[in-house]
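User: I have not seen this structure before. Please show me how to read its features, one at a time.

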Amino acid sequence: MEVVRAGALTTVQDLGRPGHAHLGVPRSGALDEPAHRLANRLLGNPADAATLETTVDGCAVRVTTGGATARTRARTGTTEGAAAGTTEGTAARSGTEPKTGALAGAVTEAVVTGAPCAVTVDGRPAPWGVPFRVPDGAVVEAGPAQRGLRSYVGFSGGVHAEPVLGSRATDLLSGLGPQPLRDGARLALGGGSGGADGGRVRAGAAPDAAPWVAPPRELVLPLVPGPRADWFTDGALRTLVTGDYRVSSASNRIGLRLEGPVLERAREGELPSEGIVSGALQVPPEGRPVVFLADHPVTGGYPVIGVVVQEALAAVAQAVPGTPVRFTAVSG
Amino acid sequence: MPESPVVLPVGRHALLIELPGAEAAEAFHAEVLRRRAAGTLPGVTEIVPGARTVLLDGLSEPRRLAAEVTGWEIPPPQRGSEAAVEIPVRYDGPDLADVAGMWGVTPEEVGRVHAATPFRVAFCGFAPGFGYLTGLPERYHVPRRSDPRTRVPAGSVALAGPYTGVYPRSSPGGWQLIGTAVDTVLWDAGREPAALFSPGTRVRFVPQDGGRE
């Protein structure tokens, strides 16, 4: 696979590298995790296969079948043959040939999920949210996001890169994993989960199309009180749930930065460094909160006033700069 | 009697356990690891020690654990007898003279004191492989620089507050730079383990001669 147009920011992402925070390593991984998982499900890939996370203006890659792809194809055929043989009743239940089985022997499949965008193969329209075939040498392009911010481009077998601590995710804070894509760069496809078989999962398990929830005009984030809420005045806590905040253009994979009223501290001084979770709403000295996302630092020295519930973070990943943000207090 | 830990909920799946001080935090962290090894800790994704806290993230029932931990019997930290990791260092940092001024000693004395101090990794953070090393007596604690550098070279040996540390890779940084680690790779993703430092690692700096020819 050759990068024809890297776009503003395109990175390799998977489910990240949890379990290493004590060594200073963030979890990282796809910011819109449901969209990433869906791309893999649609392709029959294992959940931890890597996809391309492309931001704002999409990307284009040329998919060529070299020796490696031929091997993937042969292996895929074998794996699926075995899966069909051992998974009783797959074909009988669905009443048809497993969908991906029919395609796998011929060509690479791709799918685009996450932020909707125009999808083309060699300039001809291809569907968004539905797997499509990519002939040898064809250029797959995901156009600019029409709603939301981040699209996920998945390929059968996944994007291959050398795993670091078990993950192929690009971590922009730490510099772990593959570098963000550059024009002309080459990446291999296949490799799946990193397991020996590079394994596709049971072919009949793939859904047909992508359920998708449009990014709301206003981001409403459920917020649980944070461990250092007592470092802020009562007024600050009121401001947080009543104030008008907007997504700042300085947001990135590390954090969603906000514009809006300043949160006043009740206590001054430095907080000794302590561990931080994804979704933590940290308030630096200038007073405007930051929602920490996948590439956030594992420890920090500024107080965390609240924690956005995990289930809301996929919507955060799709919030374009300028989107109004409201926090709503929920119980822990 | 040691004060009992304060348990602070962090979202719906994590607890931040705050201890009265660094030593109590170290003892508590050791107890958490002991319980995990013994299979008596509920499933947890991350165990992250901090300056005086331990974060437990990825818990399915944080409230239940919160109720338990305050009753834990925590033995004092067992200082392991494992060999210290030795870091060869040239004391040639751009802030050496400033630090010497704050300490009221000569620049040469800064290196002598630093190298004579047994350090331990209290916790990691900031970057993969960066350890916050404690052990420096309080009279040698120095503030961070008022104007952080946009680029600190990899291998820089630095001081800030109660800590000393070694920058694993080039990055912005505000610590006082007193030296350069020689032939030391703090982080190598292809190595097992990737990080030279992990919480609890003993560290000793070994001055190198001939570094200032």
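User: Which strand gives the most to the lining of the largest pocket?

Analyst: Rolling a probe the size of a water molecule over the atoms shows where empty space is left. On a 1 Å grid over the protein atoms alone, a pocket is an open set of points where a 1.4 Å probe fits, with protein on both sides within 12 Å along at least five of seven lines, and lining residues have an atom within 4 Å of a point. Strands (E, at least two residues) and helices (H or I, at least four) are DSSP runs, numbered from the N terminus. Here strand 11 of chain B gives the most, with 3 residues. This is a predicted model, where local features need pLDDT of at least 70 and side-chain atom pairs count only at pLDDT 80 or more, while totals for chains, interfaces and linings use all residues. Residues are numbered from 1 along each chain as its sequence is written, chains are lettered from A and ligands numbered from 1 in the order in which they are written, and side-chain values use heavy atoms, with hydrogens and water left out.

User: What is the volume of the largest pocket, and how do its lining residues divide?

Analyst: A volume is the space filled by probe spheres set on the grid points, which are joined across faces, edges and corners. For the largest pocket the volume is about 1200 Å³. Of its 42 lining residues, those closest to the centre include A:Gly301, A:Tyr302 and B:Arg144. For the classes, Ala, Val, Leu, Ile, Met, Phe, Trp, Tyr, Cys and Pro count as nonpolar, Asp, Glu, Lys and Arg as charged, and the others, Gly among them, as polar. The lining has 25 nonpolar, 10 polar and 7 charged residues.

User: Which residues are closest to the centre of the second largest pocket?

Analyst: The second largest pocket has a volume of about 700 Å³. Among its 36 lining residues, A:Arg27, A:Glu33, A:Ser278, A:Gln310 and A:Leu313 are the closest to the centre. Helix 6 of chain A supplies the largest share of this lining, 3 residues.

User: What does A:Glu33 form a salt bridge with?

Analyst: A salt bridge is a side-chain nitrogen of Lys or Arg within 4 Å of a carboxyl oxygen of Asp or Glu. The partner of A:Glu33 is A:Arg37, with the closest N and O atoms 2.9 Å apart. Both lie in helix 1 of chain A, 4 residues apart, about one turn of the helix.

User: Is A:Glu53 buried or exposed, and which parts does its pair with A:Arg253 tie together?

Analyst: Buried means under 20% relative accessible area, exposed over 50%, and partly exposed in between (1.4 Å probe, protein chains only). A:Glu53 and A:Arg253 are both buried, and their side chains meet in a salt bridge at 2.9 Å, N to O. A:Glu53 lies in strand 3 of chain A and A:Arg253 in the loop between strand 14 and strand 15, so the pair ties together parts that are 200 residues apart in sequence. A:Glu53 and A:Arg253 also belong to a network of salt bridges with A:Arg150 and A:Asp295.

User: How many residues are in contact between chain A and chain B?

Analyst: Contact means heavy atoms within 4.5 Å. By that rule, 34 residues of chain A touch 38 residues of chain B. Buried area is the accessible area (1.4 Å probe) that two parts lose on being put together, summed over both. The two chains bury about 2600 Å² between them, 60% of it on carbon and sulfur atoms. There are 2 salt bridges across this interface.
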